[in-house]
Amino acid sequence: MRVNIVKRAKKLLTPALGWDTELVIRRGRGAEVETKTGKKYLDFSCGTATTNIGHCHPKVVAAAKHQMNNLIHTGGVYFYDSIVKLSEELKAITPGAIDMFFFSNSGAEAVEGAMKLAKSVTHRPAILSFRGAFHGRTLGCVSITSSKVKYRKNYEPLLPSVYRAPYAYCYRCPYGQHRESCAFECIQFVRDIFKQEVHPEQTAAIIFEPVQGEGGYIVPPAEFVRFLRKLSLEHGIMLIADEVQTGFGRTGKWFACEHFGIEPDIIVMAKGIASGFPLSALGASSKIMKQWTPGAHGTTFGGNPISCAAATATIRAIRDEKMLENCEALSVGAFSRLEKMKHDNPIVGDVRGLGLMIGVEFIDKDGAPSATATDKVLERCLEAGLILISCGTNGNVIRFIPPINVTPDQLRRGLDIFEMALQSVTEEELEVAHA
Ligand code: PLP
């Protein structure tokens with residue numbers, strides 16, 4: 001049956017769409033999924049960082065069912081309460097002055113909306129993004145994405161007036177520096193862009209991920225993020241925080257920006273917002289939003305009543321069940337075990353992250369990125385019942401992202417499997433794969 005579904009899927013679905021595994025899943029509950037043949041797996045991929053509070057959380061399911069029995073669609077023709085309730089919840093948890101929202105269906109759509117809002121409000125053309133960024137797959141989003149060249153191949157020419165600076169990736173500093181002794185050359189690069197390439201007064205937005213996701217789970221130093229905030233304020237540039245992957249408790253706070261003590265002008269949210277129901281949002285202060293004139297943007301499906309009800313239930317469950325606290329507490333133990341694994345296993349070069357958004361970077365014996373070691377570890381984990389996925393420009397980072405309400409026992413089991421997988425990879429295997 002498993003083979004059947006995979007075979008049929010491969011015949012019917014475009015190969016452009018990649019799949020991380022060949023598992024056929026029939027149900028998911030919390031941190032676990034079950035295949036059609038009844039085998040259970042710990043899911044520490046969370047459907048690519050989306051089921052942050054686990055699969056099919058009962059409160060989310062109940063809210064969605066209730067909404068479904070009453071109203072499924074409005075298409076912007078009439079008002080409904082689930083979109084208002086959700087906006088009130090978001091207003092309470094989003095940073096600073098953010099108090100107005102636009103809802104859409106996917107992360108990419110919300111990023112597009114954020115770019116349009118910034119351009120519309122500032123009347124400026126240019127956008128600054130970062131190398132290694134991933135913002136989605138529409139043509140606008142691809143223009144500001146550079147985590148992997150495959151996302152851009154064959155789609156040029158893309159949006160004009162996009163400028164790109166290196167991200168503060170300290171483990172592999174583009175300037176060969178070390179964080180302890182560097183002079184923040186990455187910050188100087190941004191300054192130089194505004195001196196040499198595009199005038200800051202021509203720049204509508206700086207868009208960044210507070211922790212780079214697809215690019216390799218990279219946590220920048222706080223100085224870097226604070227510099228972006230300061231610079232954008234100085235020049236009236238909209239600072240857009242793409243919190244699609246970092247939001248909704250993933251890093252132990254509602255949003256990762258909070259770790260750096262900054263408030264963006266525009267925040268982009270998706271993935272964990274509705275526990276898997278399709279929904280995304282962008283938020284800004286009413287001062288900014290009110291400059292977006294009626295008809296300047298719109299949607300048919302965005303803010304779907306069921307997705308909004310599921311999102312409200314998700315936010316309330318995170319709060320009521322103290323999941324941010326759980327995430328922060330369990331993160332400490334996870335980091336200390338992973339650090340120990342790094343110490344004991346030379347194929348692990350770096351362990352980094354915030355909360356339960358943890359990246360483990362794999363290297364070869366010369367310290368170069370090793371996708372081979374990464375793939376071997378992923379394979380072994382899967383065989384032993386743990387689903388993990390990779391990221392990084394070189395495909396050599398494993399994302400360790402259990403649900404934020406994972407239990408201590410589930411986390412321990414996941415870490416045990418991960419450790420066993422690391423230890424099982426032999427030098428010979430790596431060399432054979434390289435040959
Ligand atoms: N922005 C970030 C930071 C993401 O991680 C993603 C998806 O992985 C997106 C945007 C695009 O989201 P979607 O795939 O829902 O369009």
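The model is predicted, so local features need pLDDT of at least 70 and side-chain atom pairs count only at pLDDT 80 or more, while totals for chains, interfaces and linings use all residues. Residues are numbered from 1 along each chain as its sequence is written, and side-chain values use heavy atoms, with hydrogens and water left out.

**The four-stranded sheet**

- E14 and strand E15 (residues 397-400) run antiparallel and are joined by three bridges; two strands count as paired if DSSP finds at least two bridges between them.
- These strands belong to an open, antiparallel sheet of four strands, in the order E11-E12-E15-E14.
- Strand E11 (348-354) and strand E14 (389-391) are at the edges with a single partner strand each, so one side of each is left without a neighbour in the sheet.
- On average, neighbouring strands of this sheet are turned by 30° against each other, direction ignored; axes are lines fitted to C-alpha atoms, for helices over the stretch in contact, and angles run from 0 to 180 degrees between N-to-C directions.
- Helix H12 packs on this sheet, where it touches E11 and strand E12 (357-362), and its direction makes about 165° with that of E11; contact means heavy atoms within 4.5 Å.
- Helix H14 (residues 408-424) lies across E11, E12 and E15, and runs at about 165° to E15.

**The seven-stranded sheet**

- Another open sheet has seven strands in the order E4-E10-E9-E8-E7-E5-E6, with mixed pairing.
- Its edges are strand E4 (100-104) and strand E6 (162-165), each with a single partner strand, so one side of each has no neighbour in the sheet.
- From one strand to the next, the twist averages 20°.
- Five bridges pair E4 with strand E10 (residues 280-284) in the antiparallel sense, and Ser104 has Ser280 in E10 as its bridge partner.
- Helix H4 (residues 81-93) lies across E4, strand E9 (266-269) and E10, at about 125° to E4.

**Two hairpins**

- Strand E1 (residues 25-29) and strand E2 (residues 32-35) run antiparallel, joined by four bridges, with Ile25 opposite Thr35 in E2.
- Two residues separate the strands in the hairpin of E1 and E2, where Gly30 takes a positive phi near 60°.
- E2 also pairs with strand E3 (residues 40-43), again in the antiparallel sense, over three bridges; Lys40 in E3 is the bridge partner of Glu34.
- The hairpin of E2 and E3 has four residues between the strands, and Gly38 there takes a positive phi near 90°.

**Salt bridges**

- Side chains of opposite charge can pair when their charged atoms come close.
- The whole structure holds 26 salt bridges, each a side-chain nitrogen of Lys or Arg within 4 Å of a carboxyl oxygen of Asp or Glu.
- Lys85 and Asp81 form one of them (3.8 Å, N to O); both lie in helix H4, four residues apart, about one turn of the helix.
- Lys85 is partly exposed at 41% relative accessible area; here buried means under 20%, exposed over 50%, and partly exposed in between (1.4 Å probe, protein chains only).
- Glu328 and Lys253 form a salt bridge with their closest N and O atoms 3.6 Å apart.
- Glu328 lies in helix H12 (residues 323-344) and Lys253 in the loop between strand E8 (238-242) and helix H9 (257-260), so this pair ties together parts 75 residues apart in sequence.
- Arg380 and Glu429 meet through their side chains in a salt bridge (2.3 Å, N to O).
- That pair links distant parts of the chain, with Arg380 in helix H13 (residues 371-383) and Glu429 in helix H15 (residues 427-434), 49 residues apart.
- Arg380 counts as buried, at 15% relative accessibility.
- A network of salt bridges links Glu32, Arg337, Asp409, Arg412, Arg413, Asp416 and Glu419.
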